[in-house]
Amino acid sequence: MSEMRGDLQKTVDRIFGAHCDRTVRESAEAGAWPAALWQALEEVGLDRAALPEAAGGAGMAFEDAMFALRRSAYHAAPLPLAETMLAGRMLCAAGLTVPRGALTLAPVRSGDKLEFLQGSSGAAVQGTVQRVPWGDVCAHAMVAGVLDGKDVLGLVPTAGALRGVEKNLAGEPRATLAFERTPLLALAPLEGAPARLETEGALCRSVQMAGALERTLEYSLLYANERVQFGRPIAKFQAIQHMLAQLAGQVAAASAAADAAVEVSALAPDEFAVAVAKARTGEAAGKGAEIAHQVHGAMGYTREHNLHYSTRRLWSWRDEFGNESCWQSRLGRMVAGQGADALWPMLSRL
Amino acid sequence: MHEFRFDPVRMPPAAQALRAEVRAFIAAEVARGAFTPSRNSWSSFDPAFSRKCGARGYIGMRWPKQYGGHERSALERYVVTEEMLAGGAPVGAHWVADRQSGNQILRYGSERAKRAILPRIVAGECYFSIGMSEPDSGSDLAAVRTRAGKVDGGWSVSGTKVWTSGAHRTHYLIALARTAPKEEDRHAGMTQFIVDLAQPGVSVRPIYNLYGGHDFNEVVFDGYFVPDDMVMGEPGMGWKLVTGELAFERSGPDRFLSTFQLLLESIRAVGAEPDARAANEIGRFVAHLVTLRRMSTSVAGMLERGAQPAVEAALVKDMGTAFEREIPETFRQLVPTEPTLGEGLSYAELLGMGILRAPGFTIRGGTREILRGMIARGLGLR
């Protein structure tokens, strides 16, 4: 790990260590905004880590920003950090000003669409979108769609648009927002904006899953070494050792796939690498969570143990921005369409 | 605890140029009918092809020039290896010598052994087998019973090795033998010897595999004489040498590309517009393959830096061989075919070979269970 990365990890871990305990997570699930934690992140500029300094950002490399996101997921931080980073990056790409505060984005659910209208008093957005992450607490949403046959990106206030809040399995809010000819605060063309939103989202969730998986492995190793049955720690049983070895494999694979996607997405997300990452980390999430829970026995099934903060996130994130099947089938169709002879040349370019 | 970090490696420009060169070489060989892309790449024994590889500088790539080597990087070697496997080239004759035996001789062999053997390996003319397993010693390698006793000018070896792939047509093997009685430290008292299979005192008998193929052998030593300068390292160092050798054996692309040709043929069989299920499965395999390849090249990078990535190699092999085994299991249902015994020339035969060879993937070079034990040790559990 580079020195820079090491310092970044220390900073991020210090913030989450100080402001992200189970009390904060529980009250966030009950609907309270973790103001102190968000403020601490803002103070060091993590919410806009990868934005250029000219745009009010910290000018950090994209890879480093994604590393910070991964650590936030390791700590199961109940915040729209991924969404804020993502929206900031796309707004910046479209040349728009990034507002302060937490940001959300829409549409995120497959099949949801927003209509963009050009009126006499400026552009507006129309339509209902569901499962908008943290849509109830973010003052602004980045929205993507098509206007006059051109892909566009806009910024819209969420005030008055809230129609309801569901929760994902981790208790993170997923809001229904209805825009009724809501005037846009800003609008700019951005080639491929709606598809890019989905791919950026899948990249973030892949990175987050890699972070949460890392934590489930740590919890599992700790527990297996502490828990004594039949007169010895269960970590001494070969059956448990082999389960943990498989968990370590899933964690390493998720990490490798997510890192690979981040590396080639510095300017814009690379669709092939992101498809690989979302498919692979999503699979690792399910398999990893299963093993971690089996190792933890009944204790891991309780609210008291911390394992569920990680595993409930894994079970949620794998289905957001396209599940494994969605990305696998895209990869599969791409590969089959290009033909078997093109597969190896394509793989070996990576 | 071990960190299990698979840091990325960037292929140097020289490696990319080499990739194009190897690919063109393989295509030209296929075009002129020298071989049909093999279903069984690193088990296909073709001395003529090995000599061509030697002439082109594709063997002993990392070794010093004074022993005929080419002083190229681990990543360049990696590129050649994966291109050969992906192209289905018959690299089986020189595979073991190039992958592990030659490296061991370079590090632990006598000057005479290095001079006599390495240049011939590099030329693609000298082939090796692995002499580790025995009838009563497989996963538990420290239980070897082959003994070597000191005699004037060398050692006298007696005992039996099994599952010795290729020994009926290779020139040498490196045998692990007990040279001192078992002590409390059961890993002490073992030594590796270079055995010339053409000398008297060693006999080779076939052990046919489940589909009737002849790859395995039983190798019996009856007072076989090994001169002192064919001892690897110091007597008693055997365990250390064997574990080091296995790191070379475990992390390469040969641990996840065994059924790559079947994957390609299956993609052809489902066609350009696969149904939903076939598209998912192909996509899943591609996602796994990309990830495995990244982890495996990362281990090559560790070897390049002189690290000892034995635990990472075990992890890549465990996941890679599981992947290889899934390919026939999945496509047999997507491309409804009755698998057929044969050479792998039709899809049904290729599938048949995949199914019949699959059990070996998770056994050879260290069983899945041994690998998971090593990973668990890396996790601090043992």
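Strand E6 of chain A has 6 residues, of which the number buried is 0, so E6(A) lies largely in the open. The model is predicted.

- E6(A) belongs to an open sheet of 4 strands with antiparallel pairing, in the order E2-E3-E7-E6.
- Strand E2 (115-119) and strand E6 (162-167) of chain A are at the edges; each has a single partner strand, so one side of each has no neighbour in the sheet.
- Averaged over the sheet and ignoring direction, neighbouring strands are turned by 15 degrees against each other.
- As a general point, strands of a sheet pair through backbone hydrogen bonds, in either a parallel or an antiparallel manner.

- E6(A) runs antiparallel to strand E7 (residues 173-183) of chain A, and 5 bridges join the two.
- A:Leu162 has A:Leu177 in E7(A) as its bridge partner.
- The two strands E6(A) and E7(A) form a hairpin with 5 residues between them.
- In the turn of that hairpin, A:Gly171 has a positive phi of about 80 degrees.

- A:Glu115 has A:Gln126 of E3(A) opposite it.
- The link from E2(A) to E3(A) is a hairpin through 2 residues.
- A:Gly119 is part of strand E2 of chain A.
- A:Gly119 counts as exposed because it has 9 C-beta neighbours inside 10 Å, and the cut-off for an exposed residue is 12 or fewer.
- Along the chain, A:Gly119 and A:Pro183 are 64 residues apart, while their C-alpha atoms are separated by 9.3 Å.

**The contact between chains A and B**

- Chain A gives 37 residues to the contact and chain B gives 39 residues.
- On the side of chain A that touches chain B, the elements giving two or more residues are helix H6 (193-226), helix H7 (238-263), helix H8 (271-296), helix H10 (324-338) and helix H11 (343-349) of chain A.
- H7(A) supplies the largest share of that side, with 13 residues.
- Sorted by class, the side of chain A that touches chain B holds 22 nonpolar, 10 polar and 5 charged residues.

**Chain B: make-up and domains**

- Chain B contains 11 helices and 8 strands.
- Three stretches make up its division into domains: domain 1 (13-126), domain 2 (130-236) and domain 3 (251-378).
- Between domain 2 of chain B and domain 3 of chain B, the C-alpha centres are 30 Å apart.

**Chain B: dimensions and packing**

- The C-alpha trace of chain B spans about 70 × 45 × 45 Å along its principal axes.
- Chain B has a radius of gyration of 21 Å, which agrees with the value near 21 Å for a compact globule with 382 residues.
- Of the 382 residues in chain B, 53% are buried.
- Among contacts in chain B with a separation of 6 or more, 72% are between residues 24 or more positions apart.

Technical notes: Residues are numbered from 1 along each chain as its sequence is written. Chains are lettered from A and ligands numbered from 1 in the order in which they are written. This is a predicted model: local features need pLDDT of at least 70, side-chain atom pairs count only at pLDDT 80 or more; totals for chains, interfaces and linings use all residues. Two residues are in contact if their C-beta atoms, placed from the backbone, lie within 7 Å. Ala, Val, Leu, Ile, Met, Phe, Trp, Tyr, Cys and Pro count as nonpolar, Asp, Glu, Lys and Arg as charged, and the others, Gly among them, as polar. Domain bounds come from an automatic or database domain assignment. Two strands pair if DSSP finds at least two bridges between them. Axes are lines fitted to C-alpha atoms, for helices over the stretch in contact, and angles run from 0 to 180 degrees between N-to-C directions. The radius of gyration is taken over C-alpha atoms; the globule rule is 2.2 Å times the number of residues to the power 0.38. A residue is buried if 20 or more other C-beta atoms lie within 10 Å of its own, exposed if 12 or fewer, and partly exposed in between; C-beta atoms are placed from the backbone.
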